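Here is a short briefing on strand pairing and ring contacts. Please read it beside the structure below.

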Amino acid sequence: MNPIFKHGPSPQHRLVFVLLLSVLLIFLDHKANSFDGVRGYLQSLVSPLQYIANAPKQMMTWAAENLVTRKHLMEENQQLKVNELRLHEELMQLDIIKQENERLRSLLASPLRSEVRKMVAEILSVDSDPYTHQIVINKGANDGVFEGQPVLDEQGIVGQIQHVGTTSSRVILITDVTHGVPVRISRNGIRLIASGSGQIDRLTHNHVSHSADIRSGDLLVTSGLGGKYPEGYPVSRVTIVTQDESRPFAQVFSQPVAQIDRLRYLLLLWPEKPSSIFSSKSGAEAASKAKSNNSKGDSNAAQ
């Protein structure tokens, strides 16, 4: 239903009025800067609304960045832990290799004569029988090992080869009760026999006279008698000397210089070849000269 009386300007007049007012406000704002204060006030009123409107986006961005960063840090932490374990394992392997290298260096630097042939061997097993002191090494007949061959570590004499297999051999230690080593005191040359006692830290010396000049701390070395062990290699050091006149002989005990309970690598020795006064060439020449002299003598006798 249309009203009977119409009040106010028409829509066209309102549009024109609004356009003119807008142009006037634009002109005043551009030329006279009359609305700077009003604009700042309105900006202050609108700013909280802008922050509130932008807050969800900022929160989502912050959460996403934190989640990605936390995940990345967790992955890095896990990788660092794995690397740390690997480094520790490699460090342990390096320590083991370093220890083995030091053992081999000290073994090869043991008191050997330069002309003596030698070979490094590794222990495969230790005899579990408490009454025998024997070990098995990883060298055998294929490597030129023979029965009775001397064996030592970086400190001194360990024992000798007892049985030889194709790829392994059995070594009897100097602490075995059935084993004996001819030794001499390096200080004065007195000869003794070092017999195994069945204990890894003790050798016994029987039939030592009370007048023998032997003292605690004397170093006993191989005497070379018997042909089993080369002369001059350390065997043991005297620990106890008891001279009881009620006994026919003095009680003498010594401790092996070799670390019998810590053996890992051993050194096999080959005996030195006896050197002749004449070389093979000079011997042949001497034989030919003797033969020619004999033939001349025979011809002269015939004449």
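Ala121 stands opposite Leu266 in E12. Strands here are DSSP runs of E, at least two residues long, numbered from the N terminus; two of them pair if DSSP finds at least two bridges between them. This is a predicted model: local features need pLDDT of at least 70, side-chain atom pairs count only at pLDDT 80 or more, and totals for chains, interfaces and linings use all residues. Residues are numbered from 1 along each chain as its sequence is written, and side-chain values use heavy atoms, leaving out hydrogens and water.

**Strand pairing**
- E1 (residues 118-126) runs antiparallel to E12 (residues 265-269), joined by five bridges.
- E1 is also antiparallel to E2 (residues 134-137), through three bridges.
- In that pairing, Val126 stands opposite Ile135 in E2.

**Barrel**
- Six strands close into a barrel, ordered E1-E2-E5-E4-E3-E12, with antiparallel pairing.

**Rings**
- Arg202 lies over the face of Phe253, 4.5 Å from the ring centre.
- A charge sits over a ring if NZ of Lys or CZ of Arg is within 6 Å of the ring centre and within 35 degrees of the ring normal.

Methods: Helices (H or I, at least four residues) and strands (E, at least two) are DSSP runs, numbered from the N terminus.
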